[in-house]
Amino acid sequence: MIGILLDRLRLGRQTIAYPKGPARFPARFHGRPALHRERCREGCTECADACPTEAISGMGSPRLTLDMGACLFCARCQDACPEGAIAFTRDYRLAARTREELRVSGDEAVLARALDARLTRLFGRSLRLRQVSAAGCNGCEAELNAAGNVQFDLARFGVQFVASPRHADGMVVTGPVSENMRAALRATWEATPAPRLVVAVGACAISGGIFAGSSACHGGVAAALGVPVDLFIPGCPPHPVTILDGLLRMLGRVEGDRLQLAETGGVPR
Amino acid sequence: MEPGVLRLRSAEAVPAPAVPLLALEAFQGALAEGLAAGLRVVAYFGEPDGGESVRITAVLADDAARELVALSTAARGPVPSLSAAHPALQLFERELAEQHGLVPEGHPWMKPVRFEPGPSDRPDAWGRPRPLETIPGGYPFYAVEGEEVHEVAVGPVHAGIIEPGHFRFQCHGEEVFHLEIVLGYQHRGAEALLAAASSRRGAALAESLAGDTAVGHALAHARALEGLGGIAAPPRAAALRAVALELERLANHVGDLGALAGDVGFLPTASACGALRAEYLNALAELCGNRFGRGLVVPGGVRYDLTEDAAARLAERIEGAWRRTAASARVFFRAASVRNRTDGTGVVSRELARQLGLVGPAARASGVAVDARTSHPFPPYGGTPITLVTQGGGDVSARARLRRDEAERSAAFAAGQLRRLPGGPVLSPPPPPRPGRLAVSLVEGWRGEICHAVRTGPDGRVARYKVVDPSFHNWMGLQLAMRGGQVSDFPLVNKSFNLSYAGHDL
């Protein structure tokens, strides 16, 4: 018994400082991509040729655009671009309320807007979510689980994952939605009482990700069910802090554009 | 079984026609003889041969000789089943039926595998016109009848944040007579995508086969393509890959210890290991920016290097994290309340593990000494062998202890590699795959043996990409481990296997 208590004492406080204090990321962390269209060399397609998911459009022109909803954040485009027109920043704030806002063309922060006054009043201090993995590879699922552990501790904001859609205020979907999961996903959505939110987590759930175009998948939750999505959290998988930040901004619990970043003190870039 | 087979090494590309094409009877005879002699099936897959037949290729592991054995046959129509005598083949035969319509006659457990559309418009091997509409209701469940016998059905959507699958228990009170697991919900058509993938997509696809095993699958993919291209990754890249593979093992094993602690209500270790798991994930992120090691391993090497100073600091971090993990594991294994739940729960005997062809921690916890890192080593595991550990009990406790023992060796190995990284480059992009070759690449991921078998066609493009995730071998082990147990122990037993749905369903 004493051993258990000593071990617990040694562990100390584990919960991260965010959102009051900074979130810590390794030097090589890939956050929001910043585009410098003016540097893009005409006719060059190096970035798109390196991209595993066709996330880049308008390459070789002043219309250069990167779709964070398809992006795996592997930074192969950054490595490939001879002109430095694409650079991944360490900004962990990636979530957006609409699909269009995920299409990046410059270097401006992407910040998820809060729900309207009625929904913020309903869900702002207590949000219960039902998670459905619809052919997710267990990457996003693992980070959603991590968001609830002692470090990230989503529950301190009144956000919890529940066992039944009947108890839920919304559904968090991961994966590209396989044909074999479509019926179960729809049943879960239908069993969730209105008003209900839909949150798409990860490139697969937003756009199909690396599985876009597969005949066995539907290209994400919006395409599979034809239901509106209230929050898109990009990444492959998104970092737990990105998930926290997206949910808290949607609930109006985090506001403003102050970026709170710290180094982990690990490997230099 | 020597005449009529081809011997090759893991990730070595051989001319595809060199794999002997035997008559069906001789093929099955050689296969049965090999399995009876203690060889293990690592891959067993079909592909249309252009005509009416299906070419079946079997790859067995001869662990003692550190070699693989390949043989093939052509079949059309029903094939006699070998599964009754060799249960390790049971799921492979069902997969052949589902993917190619080859019905295994006399199969003792003839059920669909992952509800893929069949090879043609005709009804499939189960007579299903539209297999996708039958999950899971039209599935031929094994049912127990009798007074006070009841069924418990769970899934595909589970209570926690877990991948989908359907579990059907046949119970008598608390006692489980039988558990049947129906998978396939996660089927994404990954093999077809991998075969058609450009090189820029291939590595990212491999990382998404099972997202908790991104490094393991990316490594199996990279080594297969390097073999087909006729090169090997530079030594410094090989060492960094091994560091990443062992960090992935550490993160998952430590996470599993925490989850097991959570399932028995031992909260100190549950919360500590949840946080400590992040130490290993974050170490991977220091290496490549991603907590799961995505984007690190590519054919030809790795995309990121470490300075000597950074490598030394990372080694220290890993050792420090392990010291804290070991302390937390110690209180867990000492607690009577833990032992009460884990000892003797969910037992798989050594004999059963061998028969079913279990791999990874599930096999080693039942005393079966199988580990691709020692039996089919590649650099740096050949030069710096990692000790193979086993446990005897085959229960939840043994699977937990095995994870601790393995994680301890992984931490020491990863730190050791980081302290003496070889010099030189970390990437030498491989030439395009040579045409008409077959490479079978084995990597010991944290769940067990990962196999990627890749064959190129005459144009050098990938003609068949077969993936065997360790979970494919192991799901039947979980089902049989529950027999005679209590239904309330299922979450615990399930967690002690911690198998991949996505890896199975592909």
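This note sets out points on the backbone, a sheet, the chain interface and the domains of a predicted model.

1. Basis of the model. Because the model is predicted, local features are reported only at pLDDT of at least 70 and side-chain atom pairs count only at pLDDT 80 or more, while totals for chains, interfaces and linings use all residues. Residues are numbered from 1 along each chain as its sequence is written, and chains are lettered from A, with ligands numbered from 1, in the order in which they are written.

2. Cis peptide bonds in chain A. A:Tyr18 and A:Pro19 are joined by a cis peptide bond with omega of about 5°. A:Pro19 is located in the loop between helix H1 (2–11) and strand S1 (23–25) of chain A. Helices (H or I, at least four residues) and strands (E, at least two) are DSSP runs, numbered from the N terminus. The bond from A:Cys236 to A:Pro237 is also cis, with omega near -15°. A:Pro237 belongs to the loop between strand S11 (231–233) and helix H9 (240–250) of chain A.

3. Positive phi in chain A. A:Asn138, a residue other than glycine, has a positive phi, near 90°. A:Asn138 sits in the loop between strand S7 (127–133) and helix H5 (139–147) of chain A. Is this residue buried or exposed? A:Asn138 is buried, with 27 other C-beta atoms within 10 Å. A residue counts as buried if 20 or more other C-beta atoms lie within 10 Å of its own, exposed if 12 or fewer, and partly exposed in between, with C-beta atoms placed from the backbone.

4. Positive phi in chain B. B:Glu148, likewise not a glycine, has a positive phi near 65°. The loop that holds B:Glu148 runs between strand S8 (104–105) and strand S9 (149–154) of chain B. B:Glu148 is exposed, because 7 other C-beta atoms lie within 10 Å.

5. A sheet in chain B. Three strands of chain B form an open antiparallel sheet in the order S9-S10-S11. Each of the edge strands, S9 and S11 (175–182) of chain B, has a single partner strand, so one side of each is left without a neighbour in the sheet. The twist from one strand to the next averages 20°, with axes taken as lines fitted to C-alpha atoms (for helices, over the stretch in contact) and angles running from 0 to 180 degrees between N-to-C directions. Two strands pair if DSSP finds at least two bridges between them; S9(B) and S10 (residues 166–172) of chain B have 6 bridges in the antiparallel sense. B:Val152 stands opposite B:Phe169 in S10(B).

6. The interface between the chains. In total, 54 residues of chain A are in contact with 50 residues of chain B, contact meaning that the C-beta atoms, placed from the backbone, lie within 7 Å. H1, S7, H5 and helix H6 (179–191) of chain A each give at least two residues to the side of chain A that touches chain B. That side has 30 nonpolar, 18 polar and 6 charged residues. Ala, Val, Leu, Ile, Met, Phe, Trp, Tyr, Cys and Pro count as nonpolar, Asp, Glu, Lys and Arg as charged, and the others, Gly among them, as polar.

7. The domains of chain B. Chain B is assigned domain 1 (1–113) and domain 2 (194–468), with bounds from an automatic or database domain assignment. Their centres, taken over C-alpha atoms, are 27 Å apart. The contact takes 23 residues from domain 1 of chain B and 28 residues from domain 2 of chain B. On the domain 1 side, strands S2 (13–15), S4 (40–48) and S5 (54–62) of chain B give two or more residues each, and S4(B) supplies the largest share, 6 residues. The residues of this domain 1 side divide into 17 nonpolar, 1 polar and 5 charged.

Terms used
Two residues are in contact if their C-beta atoms, placed from the backbone, lie within 7 Å.
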